[in-house]
Amino acid sequence: MSGAGLGRRFPWLSYLVVVTGAVLTVVPFLDMVMTSFKGPGEAGTLPYRFLPEAFDLSNYRAAVDQLDLPVLFRNSVVATAVITGSVLLTSSLAGYALAKLRFPGRDLVFRLVLATMMFPPFLFFIPRFLILVHWPLAGGNDLWGRGGAGLTVSIAALAMPFLVNGFGIFLMRQFMVAIPDEVLEAARIDGAGEFAVWWRIVVPQTKPVVVTLGLLTFVDAWNEYIWALLVSTANPDVMTLPVGIQLLQDHVDPARTMPIVMAGLVLSVLPVLILFLLLQKHYIRGVMLSGLK
Amino acid sequence: MVNALVPETAGRAPGPRAAEPGAGGLDRLRRRRRRQTVVAYLFLAPTLLFFAVFLVLPLGFALLLSLSRWSGFDLGDIDPVGPDNFAALFADGATFLTPVLTNTLLFALGTVALALAGSVLVATCIDKLRFQGLWRTLYFLPIVTTVVAVGNVWKYMYEPGGLVNGVLNALGLGSVAFLQDPDTALPAVVVVQAWASLGTAILVLTAGLKSIPGTYYEAAALDGAGPVTVFRRITLPLLRPSLLFVCVTQFLIGLQSFALIIVMTKGGPGNATDVAALEMYRQAFSYGDWGAASAAAFVLFAVVLAVTLAQLWVFRRTGEDA
């Protein structure tokens with residue numbers, strides 16, 4: 001029913017607040033798009049003008065060339081795909097074991113999964129990076145992890161710390177608990193192994209969670225910045241879109257390159273934005289479930 | 001969230017009682033149990049391996065580093081020096097307590113205050129409007145956008161020739177060097193962080209508002225209560241769990257965030273926007289002081305953990321479910 005009642009008594013006031021807020025939310029995005037069309041010397045000069053003089057597409061061409069955009073795109077796509085695939089697979093497998101199989105140590109493992117959610121990500125940046133750099137017998141390292149760049153030479157380093165997600169396991173497990181045991185038992189009596197039970201019966205029933213978790217993971221992985229920045233300093237070949245665009249922004253004369261940076265940002269934001277617009281119900285449900293955005 | 005933290009143990013035995021009694025049945029049952037154990041750990045193997053390599057090992061390594069001096073090159077050179085790194089963080093003349101930790105708290109508190117005020121305002125107004133889906137989509141845009149885009153667009157808008165100063169100039173006001181002035185840099189970054197978290201806060205509060213029974217409002221209307229009274233006496237108290245949830249989660253996120261600050265100010269000017277997680281990052285990757293960086297990480301972790309436990313305690317005590 002009605003909220004504070006304000007909306008009913010003063011509808012125009014409510015519209016004013018909501019529309020003002022929405023405009024404030026959208027204007028930075030519009031400014032980004034408008035700036036991406038501005039010509040050289042047109043951005044960042046006084047007086048400020050919102051609209052470009054002409055809708056100049058050359059910044060997009062410049063972004064593709066100067067940013068090495070195809071390589072950045074490829075790295076972002078590979079990392080995001082590997083992370084999303086791995087999180088879905090491991091969450092589903094672990095969630096099934098924790099929800100539907102009986103084995104000694106199950107409660108202990110479940111508690112461990114919950115405990116992992118208590119540790120904030122910033123705690124792990126340094127040691128994980130050092131562990132990858134000093135990984136024995138990889139990337140030119142000797143047995144004691146000396147001499148080379150370790151696992152950071154591989155594009156897999158971008159994905160490694162995100163391959164398993166405690167929240168994902170938790171979400172899957174909670175959803176799978178609700179699947180009736182009788183269905184699984186019937187399949188087992190028919191001779192189906194546990195793997196077949198999981199793949200043929202459980203996985204199809206968890207489609208809604210798969211979409212939600214997949215979408216949350218995809219967006220996070222695509223937008224991830226700090227870890228990708230660390231790995232890229234060790235190995236510039238695996239630079240992702242956010243890292244590459246930030247590098248251009250940091251190192252070149254901002255007044256001249258701002259439109260190019262904005263063009264790069266528009267292109268890098270677009271895939272996630274389209275995905276969000278298509279599947280926003282699932283995404284928003286995921287945010288409600290995690291509550292931690 | 002909190003209810004779900006209690007693992008259920010009852011009612012999930014996969015029907016062993018259905019098996020026929022007798023020695024053969026028991027044997028088969030035992031074999032099946034063993035097979036389920038093997039399968040379960042097979043299914044859990046990737047997860048447990050990941051936990052070992054990317055959670056337990058790094059945690060131990062970080063703890064060791066926080067108590068050591070190390071050049072970063074040879075693992076054999078790690079020199080355990082005890083709590084020196086922690087002592088150095090809080091020594092006289094060190095910047096960690098002020099301004100770094102102070103900045104961190106101001107950043108987190110400022111974000112919570114702004115996001116809360118904005119989301120309460122919008123959520124109470126949005127409830128009965130048309131085009132709800134459209135508003136929600138718009139308010140959610142910043143959440144799905146990478147911090148590099150958010151940070152750079154706002155950084156550009158704060159510049160002398162940017163949108164914000166353009167509006168100020170159009171109103172006849174002078175330009176402000178938002179990110180270059182140590183007095184305005186932190187508030188300027190706080191605004192961006194709050195702007196980016198508004199969508200989630202509105203979502204949680206809208207859900208909270210929807211769960212308030214409409215009969216309360218009808219009764220208040222019959223009693224002739226004005227909108228301000230209704231808001232203060234009905235909406236706010238019943239919205240308390242949602243408000244508390246938004247406060248705590250946004251506060252925790254604010255304590256840990258530093259990506260936006262790296263993009264916008266790199267902690268500057270001076271250390272006006274230096275926060276604890278950024279200081280950890282800089283000590284490690286700019287100065288190679290792994291010990292100081294790890295110690296800073298654990299101090300911040302202690303703060304985060306204290307807030308988390310306080311939140312759990314409050315929710316348990318009041319029996320409220322976020």
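Trainee: At what angle do helix 2 of chain A and helix 3 of chain B pack?
Mentor: About 130°, with the axes 9 Å apart; that's residues 11-36 of chain A and 96-126 of chain B. Helices here are DSSP runs of H or I, at least four residues, numbered from the N terminus. Axes are lines fitted to C-alpha atoms over the stretch in contact, and angles run from 0 to 180 degrees between N-to-C directions.
Mentor: Keep in mind it's a predicted model: local features need pLDDT of at least 70, side-chain atom pairs need 80 or more, and totals for chains, interfaces and linings use all residues. Residues count from 1 along each chain as its sequence is written, with chains lettered from A and ligands numbered from 1 in the order written.
Trainee: Which residues of the two helices make the contact?
Mentor: S14(A), V17(A), V18(A) and G21(A) from helix 2 of chain A meet G118(B), L121(B), V122(B), C125(B) and I126(B) from helix 3 of chain B. Contact means C-beta atoms, placed from the backbone, within 7 Å.
Trainee: And the whole contact, how many residues does it take from each chain?
Mentor: 98 from chain B and 92 from chain A. On chain B's side, helix 1 (residues 23-66) gives the most, with 19 residues.
Trainee: New topic: where does UniProt put the "ABC transmembrane type-1" domain?
Mentor: Its unreviewed entry places that at residues 101-311 of chain B. That stretch is 76% helix and 0% strand, with its end C-alpha atoms 21 Å apart.

Notes:
UniProt positions are given in the numbering used here, feature names are shortened, and annotations may be inferred rather than shown by experiment.
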